[in-house]
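This report is for a reader who is seeing the structure for the first time. The sequence and the coordinates come before the text.

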Amino acid sequence: MLTKILPASLASPAALWASPALAASDSASTTSPWVALAYLVAGVFFILALRGLSSPATSRTGNRFGMAGMLIAIVTTLVTHSVASLAEIGIAIAIGGLIGFLIARRIAMTAMPELVAAFHSLVGLAAVLVGWAAYLNPGAFGLLEGDAIGAVSKVEMGLGIAIGAITFSGSVIAFAKLSGRMSGAPILLPARHVINLGTLAAIIGLTAMFAMTTGPEETLPLIVGLTVLAFAIGFLLIIPIGGADMPVVVSMLNSYSGWAAAAMGFTLGNTAMIITGALVGSSGAILSYIMCRAMNRSFLSVIAGGFGADDSAAGGGEAREQRPYKQGSADDAAFMLEQAEKVIVIPGYGMAVAQAQHALREMTDILEEKGVEVKFAIHPVAGRMPGHMNVLLAEANVPYDKVFELEDINSEFSQADVAFIIGANDVVNPAAKTDKSSPIYGMPVFDVGAAKQVFFIKRSMGGVGYAGVDNDVFYMDQTMMLLSDAKKMVEEIVKALD
Amino acid sequence: MDFISILSIFVLACFVGYYVVWSVTPALHTPLMAVTNAISSVIIVGALIAAAEAGSPAAKWLGLAGVVLASINIFGGFAVTERMLAMYKKKEK
């Protein structure tokens, strides 16, 4: 079936391609049922990996299933292909594995969001490389129909490359914003919606043209254009999105990396890749949805970007009225915490920035020894990515059965003696319930007002949350402001408790 | 495999993903992202095929580069997930 020799006149671009004489016959993975079965087992193991995460007790077993699934997929691939370069592949895996392993060992838990963003970018880039490799050597992937790649395969290939490229450049921007290498402020280009929609339309158009044309010289410019535009749109889509929306962006890119893998799975007819892609794609989509719901924002408004762009105008323009508030000391707080029966701690990202989680755990340990019941309440958007705050507390050895989600604990504030707010702000702001004009209106918040006493640790009265709105909790009768660095304040409370 | 079989697997897997992911406890959403990131590197299968098969030197080098990138993700993703999960403890007593 590969008897037709490419015309010699296609010298320059065709030199890139596999010469038909050398190209392997249809990939073994499409023929043997055992191979298909092995990939299916790998896919099932990946499902079990996610299933394990339904509880911390089963999560590590789940992770092992994930590793086993990956091993099965890799070994199956190597065994069923005539590997001409095993040494080189071994070196490539060793280099990548070592880098990955060292990063995983050294990364600070506060830096998890940027790490995940960086990892997403690698999946995206890998998808682009695989798509290109399949384009250049279709015989190896069993994609040849006659002497050309089938149209359906080309659509899948084009989509895989496009989604991969978007994932890559989008994740690079998300990484730069999350790690502070780039300002978190939204960058708004004029007519950005027109530019973005036009670019997307062009990518779809190029994919269609790519599928319908044949011959190296005709398809090459199309796939190059497609790749370049997809890199550009990933960049353009993320730069207008502000720092506060990054949890949604990271989840969304997680989803994209899955769809990229699925598209490649379609191209290669590989069950493991398709199952994984579908799992990861749904996972990221669900996490994006949960994050949007927790902020009462629609997914479209996040994607459109610009949130947080006019903070300075709203906050700085009008002088905020000076309202009376009570300020307390560490000694006052320690005294009242000791007297309490039930304390609910509400940690926010500010706690992690101040690295106060270890001191906080020490404080709650002392209180528990004194017979005080302590619970932690976590808002879905606390931290910079879904579940981030739970990891930070776990790192500080806070037992996970003391940590509760918003909807599980919100009714308990009325029985709490103290609500202890540390590094959080918007998630306790009652304006989300009462003030229709507030940018955070509709966002579910903690009912800290129901607690007998509220302690609010905050650096100063000046700064106000991501959303840039004043918080009535500061001025409530039962609120005591503890104005200091979070870590310093908690350490002082610990000293006063001893 | 024909397109319809592949599509069937894909659609059913999306439903499986939907139900499995909703059952993940919110406390483990960060490990969930880390592990989904690791398993999406199963794309290494494609990179390995490109790197292994003879025929096109350009495809081989792209494949090898893909293997390096995906390996960073696989080892890094599983290792960091393992590290995080090891921190989740119940109250000792």
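The model is predicted: local features need pLDDT of at least 70, side-chain atom pairs count only at pLDDT 80 or more, and totals for chains, interfaces and linings use all residues. Residues are numbered from 1 along each chain as written, chains are lettered from A and ligands numbered from 1 in the order in which they are written, and side-chain values use heavy atoms, without hydrogens and water.

**The interface**

Contact (heavy atoms within 4.5 Å) links 110 residues of chain A with 79 residues of chain B. About 8,400 Å² is buried between chain A and chain B, and carbon and sulfur atoms give 77% of that area. Buried area is the accessible area (1.4 Å probe) that two parts lose on being put together, summed over both. On the chain A side, A:Leu53, A:Met70 and A:Phe266 lose the most area to chain B, together 8% of what that side buries.

The interface has 3 salt bridges, a salt bridge being a side-chain nitrogen of Lys or Arg within 4 Å of a carboxyl oxygen of Asp or Glu. A:Arg64 forms a salt bridge with B:Glu82, with 2.3 Å between the closest N and O atoms. Several helices of chain A, including α2 (33-51), α3 (56-80) and α10, each supply at least two residues of the side that touches chain B. Helices are DSSP runs (H or I, at least four residues), strands are runs of E of at least two, and both are numbered from the N terminus.

Residues 7-90 of chain B are 81% helix and 0% strand, with the end C-alpha atoms 42 Å apart.

Buried means under 20% relative accessible area, exposed over 50%, and partly exposed in between (1.4 Å probe, protein chains only).

| Residue | Relative accessibility | Class |
|---|---|---|
| A:Ser282 | 8% | buried |
| A:Phe455 | 0% | buried |

A:Ser282 lies in helix α10 (residues 271-295). Not counting residues up to four places away in sequence, A:Ser282 touches A:Trp259, B:Cys14, B:Gly17 and B:Tyr18. A polar atom of the A:Ser282 side chain lies 2.4 Å from the backbone oxygen of A:Ala278.

A:Phe455 is in strand β7 (residues 453-458) of chain A. The C-alpha atoms of A:Phe455 and A:Ala419 are separated by 6.2 Å, although the two are 36 residues apart along the chain.

Key
Polar contact = N/O pair within 3.5 Å; in protein donor to acceptor, adjacent residues only side chain to side chain.
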